[in-house]
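Dear colleague,

Please find below the structure that I am handing over to you. My findings follow it, arranged by topic.

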Amino acid sequence: MQIIALPLPMQGFSEHRLILVVEDDRDHLETIRSAFDLDAGQYQLMEIGNGEQALAFLQQQGNDASARRPDLILLALQLPGKDGHQVLAEIKADPHLRRIPIVVLTRSDREEDILTSYALQGNCYVIKPSDRDRLFQMVKRIEEFWLGIVTLPLG
């Protein structure tokens, strides 16, 4: 688990926006981090590499008892332990967590994965391109939309 302070393009918020990235691919994490790192302002990026740790963080268990609720979650499907669909199902079943927007960010283009993600109330499904530059641009668009255009729920 790693927390990184990153720039935020939004004005008027007293706290940094916390983005939880649940992803076990180090190359993808680096690309995601660099996409968020180019803007002005402040983000906090929490990186977690497996489903169990992500749920422990979100449910404020153990060492994460004082963890802050994220404003946005980027969730991979192929994770060690609990996969992304299991994590998504548990988050959306929890009345304290279900309002957090979740972007399923995955390599899978399987129709079954897409339908399951939406059935579990994922907010959107984005297929990661294999090219690093295209992934970078995609993450920039996710940032612009979810953190620049959309009004997110508070706490």
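A polar contact, as the term is used here, is a pair of N or O atoms within 3.5 Å, and within protein one of them must be able to donate a hydrogen and the other to accept it. Please note also that this is a predicted model.

At the beginning of α3, a side-chain oxygen of Asp83 comes to within 3.0 Å of the backbone nitrogen of His85. At the beginning of α1, a side-chain oxygen of Asp25 lies within 2.9 Å of the backbone nitrogen of Asp27.

Overall organisation

The chain has 155 residues, of which 51% are buried. Its secondary structure consists of 5 helices and 6 strands, and their order along the sequence is β-β-α-β-α-β-α-β-α-β-α.

The nonpolar cores

The largest nonpolar core holds 24 residues, and those that touch the most other members are Leu20, Val22, Phe57, Leu58, Ile73, Leu75 and Ile91. Two or more residues come from each of β2 (17-22), β3 (43-48), α2 (51-58), β4 (72-75), α3 (84-93) and β5 (102-106). The most is given by α2, with 4 residues.

In α3, the buried residues are Gly84, His85, Val87, Leu88, Ile91 and Lys92. Viewed down the axis of α3, these buried residues fall within an arc of 160 degrees, and they therefore line one face of the helix. Their cover includes α2, β4, β5 and α4.

Helix α1, which spans residues 26-36, is mostly covered, with 8 of its 11 residues buried. The buried residues of α1 are His28, Leu29, Thr31, Ile32, Arg33, Ser34, Ala35 and Phe36.

Strands β4 and β5

Strand β5 is mostly covered, as 5 of its 5 residues are buried. From β5, Ile102, Val104 and Thr106 point one way, while Val103 and Leu105 point the other way; all are buried. The pairing of β4 with β5 is parallel and runs over 3 bridges. Within this region, Leu75 stands opposite Val104 of β5.

Two residues with positive phi

Gln60 lies in the loop between α2 and β4, and its phi is near 55 degrees, a positive value in a residue other than glycine. Gln60 has 41% relative accessibility and so counts as partly exposed, since that class lies between the limits of 20% and 50%.

Gln121 is placed in the loop between α4 (111-119) and β6 (124-127). Its phi is near 75 degrees, again a positive value in a residue other than glycine. Gln121 is partly exposed because its relative accessible area is 48%.

With kind regards

How values were computed. Residues numbered from 1 in each chain as written. Predicted model: local features only at pLDDT ≥ 70, side-chain atom pairs only at ≥ 80, totals over all residues. Heavy atoms only, no water. Core = buried A, V, L, I, M, F, W, Y, C linked by side-chain atoms within 4.5 Å. Buried < 20%, exposed > 50% of the residue type's maximum accessible area, 1.4 Å probe, protein only. Arc of directions from axis to C-beta. Contact = heavy atoms within 4.5 Å. Pairing = 2+ DSSP bridges.
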